[in-house]
Amino acid sequence: MSKHSKHETGVRAGHPPAKKSHKPHTPAAAPTSRKRKLLTLLGLLCFCAALAGVTYALWPTTKLGRPRVGLLDPTPLKLNPDTPPGPAPEGMVWVRGGEFWMGGEVEQHNGIIAEDSLPPHKVYVDGFFMDKYEVTNEQWAVFAKETGYLTVAELKPDPNDFTREQLDSMTPEHKKDLFAHPVSLVFTPPPQRIYNLDIAHMEHMWWSVVKNSSWKQPEGPMGSIEGKEKRPATHIAWVDAVEYCKWLSKKTGRTYRLPTEAEWEFAARGGLNQKDYPWGDELTPDGKWMANIWQGRFPNENSEADGFARAAPVGSFPANGYGLHDMAGNVWEWCSDFYRKDYYKESPKKNPQGPTSSFDLLEPDAKEKYVQRGGSFLCADNYCIRFQVAARGKGEKKSAGNHVGFRTVCEAK
Ligand SMILES: [Ca+2]
Ligand SMILES: [Ca+2]
């Protein structure tokens, strides 16, 4: 607004200099005229500053106190009648569907606004059943035992899944070592203090490629999931999650699948309209942590104020309005949609399914990328901050780490 106002003031305050120089006027009149113009200009500037101040004060603001992008819509949401088509499958709740505002302003570190969550746009989704919790180690173990399925993280890496740039950056010894064992990514706090998180590709400072890390050994070969059965299954790639859904569908005769991104966000909002989090606009209402995220300066200091340094047992935090837990934080959750930054500018209003292909300008050579939602236990106020309900994440379909899992939806019959 201020930029526009300055431009308008400039146009009004003077005429083109060439014409001005030809205007006849007395020498005595010139200072008076200039003075009047200066006073007019000053008055206009004061008026604009006052208007900007009033607007800033009245405009809906986010938690960092800056004006939101996009107007809040006070119109009540048009939700579908809350009438499930039948009993909910085990571990699931009915999410009624209806209209909602999808996307919105998402603040990243240093006050940067995430463009891929804009613009806010009205979307309709049909009702569906959804897992109350992220799929757990216990549930994944049943699938693995019955089918013998091995996740991407449990297999040796395939060179075809790497970009040319990634392969070119490796030495022959590095390649030989990397492709000889199953590997996955494990968060490892760096020994040195990281002050600037704005440098590109900083992630390698805290992500370690760890041999034999998988859902069975989320922190690497020294750990196990014994006693962690109720924690979300992690190191799950998109292709792994899809196989789980296929197995569950075949086993039950119903249609289980990953949620679309629109279904996920509708569900995560829990019936609230355009709020920052699944529970409202305040991060810690009454001083209470509502999600498993990171407290302190990422990636060096985690005070664990919410009680967990890594993934927490599912349901350790309160459910949202639809009875869903951990829709913010704990582990990222895969959606069925391809990721594309600008999709919201053209997505259909009814049951959007995502774009027909993926593209990420930051990694143009990357293989197919899919949407992830909700953030994880690694999302902190000074970095990521993608535990906000409109925030989007992404990952290659065969990528995994100890902060990525999923939950399923089941279609109404
Ligand atoms: Ca935590
Ligand atoms: Ca989650």
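1. Both faces of strand E5 are covered, since Val183, Leu185 and Phe187 on one side and Ser184 and Val186 on the other are all buried (20 or more other C-beta atoms within 10 Å of a residue's own, C-beta atoms being placed from the backbone; strands are DSSP runs of at least two residues, numbered from the N terminus). In a regular strand the side chains alternate between the two faces of the sheet. Five of the five residues of E5, residues 183–187, are buried, so this strand is largely enclosed by the rest of the structure.

2. This is a predicted model, in which local features need pLDDT of at least 70, side-chain atom pairs count only at pLDDT 80 or more, and totals for chains, interfaces and linings use all residues. Residues are numbered from 1 along each chain as its sequence is written, and chains are lettered from A and ligands numbered from 1 in the order in which they are written.

3. E5 pairs with strand E6 (residues 207–211) in the antiparallel sense over five bridges, where pairing requires that DSSP finds at least two bridges between two strands. Within this pairing, Ser184 stands opposite Val210 in E6.

4. Elsewhere, four strands form an open sheet of mixed pairing, in the order E10-E9-E8-E11. Its edge strands are E10 (392–396) and E11 (404–405), each of which pairs on one side only. Strand E9 (residues 369–373) joins E10 in the antiparallel sense over five bridges, and the bridge partner of Tyr370 is Gly395 in E10.

5. Leaving aside neighbours within four places in sequence, Cys379 is in contact (C-beta atoms, placed from the backbone, within 7 Å) with residues including Ile293, Trp294 and Phe387.

Key:
A residue is buried if 20 or more other C-beta atoms lie within 10 Å of its own, exposed if 12 or fewer, and partly exposed in between; C-beta atoms are placed from the backbone. Two residues are in contact if their C-beta atoms, placed from the backbone, lie within 7 Å.
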